[in-house]
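Please read the notes below alongside the sequence and the model. They are set out as numbered points.

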Amino acid sequence: MPELFAYTDGACSGNPGPGGWGVLLQAMDGETIVKERELCGGEAVTTNNRMELLAAINALEALGRATDITIITDSAYVKNGITTWLHGWKRKGWKTAAKKPVKNVDLWKKLDDAQARHNVIWEWVKGHAGHPENEKADELARAGMKPFKG
């Protein structure tokens with residue numbers, strides 16, 4: 001059974017401003033790519049963090065059935081949020097440790113729901129550091145933003 005990986009990235013021109021998200025899905029058999037799929041989209045007025053979240057959400061929602069998947073993101077915000085902070089936010093009624101409302105709560109809830117039916121391993125990779133799949137996800141995010149840039 002091939003292993004499934006999703007490389008995700010978000011981009012924004014101005015923060016807020018026009019933004020895009022990108023996903024590179026790869027099914028791997030050892031070192032061999034068995035199948036590859038590219039996804040991207042964007043919004044006219046958004047933030048980088050929202051685009052990072054939407055990339056992960058769209059990666060998971062693109063899967064037709066419950067799947068074991070590794071999501072590789074260059075967003076510490078997404079990785080830490082989903083693996084560390086989310087449980088406390090939910091317990092505290094979607095409030096931060098400082099008792100303030102969680103930013104992007106709509107997308108955090110959507111991501112939580114999207115990952116619930118899958119077995120997800122979350123990994124962080126340094127962005128813009130020459131990692132080929134992360135660079136491709138960045139390229140897709142910029143392509144998703146293109147229709148919204150003036």
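1. In which sense do strand β2 and β3 pair, and over how many bridges? Strand β2 (residues 17–29) pairs with β3 in the antiparallel sense, over 12 bridges; two strands count as paired if DSSP finds at least two bridges between them. Val23 has Leu39 of β3 as its bridge partner.

2. On sources: this is a predicted model, in which local features need pLDDT of at least 70 and side-chain atom pairs count only at pLDDT 80 or more, while totals for chains, interfaces and linings use all residues. Residues are numbered from 1 along each chain as its sequence is written, and side-chain values use heavy atoms, with hydrogens and water left out.

3. The open sheet has 5 strands in the order β3-β2-β1-β4-β5, with mixed pairing. β3 and β5 (119–124) are the edge strands, each pairing on one side only. Strands and helices here are DSSP runs numbered from the N terminus (strands E, at least two residues; helices H or I, at least four).

4. Gly41 sits in strand β3 (residues 32–46). Gly41 is buried, at 15% relative accessible area (buried means under 20%, exposed over 50%, partly exposed in between; 1.4 Å probe, protein chains only). Beyond neighbours within four places in sequence, its contacts are Gly19, Gly20, Trp21, Gly144 and Met145 (contact means heavy atoms within 4.5 Å).

5. Helix α1 (residues 48–61) packs on helix α3 (residues 105–116) at about 25°, with the axes 9 Å apart (axes are lines fitted to C-alpha atoms, for helices over the stretch in contact; angles run from 0 to 180 degrees between N-to-C directions). Residues in this contact include Leu53 and Ile57 of α1 and Trp108 and Leu111 of α3.
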